[in-house]
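Please read them with the structure open.

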Amino acid sequence: MEKKFVITDEAGLHARPATVVVNTASNYDSDIYLEYKGRRVNLKSIMGVMSLGVPRGGEITVIVEGGDEEAAMEGIENALRERGLID
């Protein structure tokens, strides 16, 4: 399962909200990845996520593979929205 999002926060995908998203992803058993400009990182790794340097307007893809993928995708999308990273 995969879904695309555009980051709308002025500061892009920055540390504080990224930590919340990483912590949310860590609550699920599924493998969860974040892709940006052809690079894929584990969404459960704050260092991986921060290494992408996603700016405002950056299009990301969240990829979820596993038994709880629907719940995981919903949780990730909610975390992104609640932190003001997406509209």
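1. Arg-81 forms a salt bridge with Glu-77, with 3.3 Å between the closest N and O atoms. A salt bridge here is a side-chain nitrogen of Lys or Arg within 4 Å of a carboxyl oxygen of Asp or Glu. Both residues sit in helix 3; because they are four residues apart there, about one helical turn separates them. Helices (H or I, at least four residues) and strands (E, at least two) are DSSP runs, numbered from the N terminus.

2. This is a predicted model: local features need pLDDT of at least 70, side-chain atom pairs count only at pLDDT 80 or more, and totals for chains, interfaces and linings use all residues. Residues are numbered from 1 along each chain as its sequence is written, and side-chain values use heavy atoms, with hydrogens and water left out.

3. Lys-3 pairs with Glu-77, and their closest N and O atoms are 2.7 Å apart.

4. Is Glu-77 buried or exposed? Glu-77 is buried, at 15% relative accessible area. The cut-offs are under 20% for buried, over 50% for exposed, and partly exposed in between (1.4 Å probe, protein chains only). Lys-3 is partly exposed at 34%. Arg-81 is partly exposed at 38%. Leaving out residues up to four places away in sequence, Glu-77 touches Lys-3, Phe-5 and Ile-86. Contact means heavy atoms within 4.5 Å.

5. The salt-bridge count comes to four. One of them joins the side chains of Arg-40 and Glu-35, at 3.0 Å from N to O. Arg-40 is partly exposed at 43% relative accessibility. Glu-35 is partly exposed too, at 26%. Side chains of opposite charge can pair when their charged atoms come close.

6. Check the backbone at Lys-37. This residue is not a glycine, yet its phi is positive, at about 50°. Lys-37 lies in the loop between strand 2 and strand 3 (39–42). With 71% relative accessibility, Lys-37 counts as exposed.

7. The largest nonpolar core has 26 residues, and Ile-32, Leu-34, Leu-43, Val-49 and Val-62 have the most contacts inside it. Such a core is a set of buried Ala, Val, Leu, Ile, Met, Phe, Trp, Tyr and Cys residues joined through side-chain atoms within 4.5 Å. Helix 1 (15–25), strand 2 (31–36), strand 4 (59–65) and helix 3 (69–82) each give two or more residues to this core. Helix 3 supplies the largest share, five residues.

8. Not counting residues up to four places away in sequence, Leu-34 touches, among others, Leu-13, Leu-43, Val-49, Leu-52, Ile-60 and Val-62. Arg-39 and Arg-40 are also among its contacts.
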